[in-house]
Amino acid sequence: MVLESYKLWEQAEAEVGYKVFFKTCQLDMGPIEDKSLQALIASCKNNEIDVRVLNQDQVEEEFSGKFKLPENWVGLVTEQGGVIKPTKAVSMFQALGLKNGAILKDNAEVVQIKKGGEKGGVFVCTKGNETFWAEKCVITAGSWMNKLIKQVSGNKLELPIQPLETGVCYWKIKEGKESEFTFDANFPTFASYGLPYIYGTPSLEFPGLIKIAVHNGRPCDPDKRTFTIDALTSEALTQWIQNRFGDLVDSTRPVMTQSCLYSMTPDEDFVIDYLGGEFGEDVLVAGGFSGHGFKMAPIVGRILVDLICEGETKGGQFEHFKLTRFKKNPKGNMKEFSDQVNFVKNEVLVTEPTN
Ligand SMILES: Cc1cc2nc3c(=O)[nH]c(=O)nc-3n(C[C@H](O)[C@H](O)[C@H](O)COP(=O)(O)OP(=O)(O)OC[C@H]3O[C@@H](n4cnc5c(N)ncnc54)[C@H](O)[C@@H]3O)c2cc1C
């Protein structure tokens with residue numbers, strides 16, 4: 001699915017005339033026995049994606065000594081990494097939408113969605129007292145999905161999407177070494193498996209800084225966020241940075257942090273479906289992107305268009321995202337590997353021994 005999405009990103013870039021997606025290689029690392037890493041190797045093989053499994057020394061050589069792995073760890077290298085500039089990307093899709101006849105409304109909070117009566121379809125009402133009618137309506141309210149669905153259905157419908165308060169951290173690269181952590185130097189996007197699950201990207205949006213963060217979050221009401229990032233700068237993260245990069249990155253503290261929200265489903269798979277209830281197939285929902293939905297935006301869009309226009313989607317991707325999976329099993333789709341995103345209560349994360 002991700003390969004199909006990459007093609008659609010390229011098509012959109014070609015149409016608009018500028019780039020938003022910067023491809024690079026991806027390094028996944030962790031103990032060889034880690035089930036998620038094993039599942040990743042299997043998935044690459046099933047989808048004919050080239051993957052190289054490197055040992056500690058080979059990883060050091062591949063990335064010119066920047067990543068230092070513990071002895072029992074391996075590094076998986078594929079060509080499927082990349083960074084998307086999010087603001088530019090959203091703006092790109094808005095520009096393409098406008099060109100194709102879309103009408104954009106900013107600052108229009110939807111407060112009610114109701115059946116269209118004899119006319120069919122649905123009415124969508126905003127806080128500013130505007131009302132729109134459409135044959136079909138798609139709700140993509142991110143972390144507010146569940147709140148909005150409960151509100152418009154009078155608490156009759158609910159989605160298994162939990163907002164999590166999370167955030168990202170930027171760390172300072174040692175002076176004189178900044179260029180070694182960029183795309184031009186073949187520095188990869190990366191993920192480190194196990195506890196805590198850590199991810200990072202090459203230095204791009206803030207020169208001299210590298211984004212390294214923990215893939216976790218604190219359950220929250222999206223309208224009552226604390227905006228605190230204490231759990232994100234845990235000892236486990238600083239220790240990981242020190243162990244991987246030594247003195248090439250200042251691990252004492254992040255120099256910049258940003259608070260944001262994940263919208264998590266129990267199986268970390270998306271929800272793309274008809275809402276059902278009184279709305280039947282007139283209202284669709286697309287949410288619960290669980291911290292990995294941005295790169296999938298074009299393919300999710302394609303699935304939604306198929307469902308609206310044709311009533312079905314090509315390629316059988318729809319089944320995986322249906323809400324009915326939670327009726328069969330409250331945990332959703334079965335996985336061969338454990339959860340990657342941890343719910344933080346009182347931040348106690350396992351720290352790895354120093355090398
Ligand atoms: C820290 C972090 C790191 C991530 N890293 C990656 C990554 O590496 N790769 C990746 O693919 N994805 C990543 N993601 C996930 C990606 O950002 C999300 O999957 C994606 O943004 C979700 O899009 P969305 O449209 O569902 O929600 P959002 O982008 O949150 O958009 C929802 C919109 O709905 C609006 N809204 C809410 N309620 C209403 C209402 N009542 N009326 C009108 N509008 C409303 C909100 O204001 C918001 O603008 C990351 C997310 C986070 C937080």
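**Ligand shell and domains**

Analyst: Strand E13 supplies three residues, the largest share of the shell around the ligand. Helices (H or I, at least four residues) and strands (E, at least two) are DSSP runs numbered from the N terminus. This is a predicted model, in which local features need pLDDT of at least 70 and side-chain atom pairs count only at pLDDT 80 or more, while totals for chains, interfaces and linings use all residues. Residues are numbered from 1 along each chain as its sequence is written.

User: How many residues surround the ligand, and which are the closest?

Analyst: A residue is near a molecule if its C-beta atom, placed from the backbone, lies within 6 Å of it. Here 20 residues surround the ligand, the closest being Gly142, Trp144, Phe289, Gly293 and Phe294. Two or more residues come from each of strand E8 (162-172) and strand E13 (256-264).

User: Into which domains is the chain divided?

Analyst: Domain bounds come from an automatic or database domain assignment. The chain is split into domain 1 (21-84 + 163-264) and domain 2 (105-161 + 266-328), and their C-alpha centres lie 32 Å apart. The ligand shell draws at least three residues from each of these domains.

User: How many residues does the contact take from each domain?

Analyst: Two residues are in contact if their C-beta atoms, placed from the backbone, lie within 7 Å. Domain 1 gives eight residues to the contact and domain 2 gives 13. On the side of domain 1 that touches domain 2, E13 provides the largest share, four residues.
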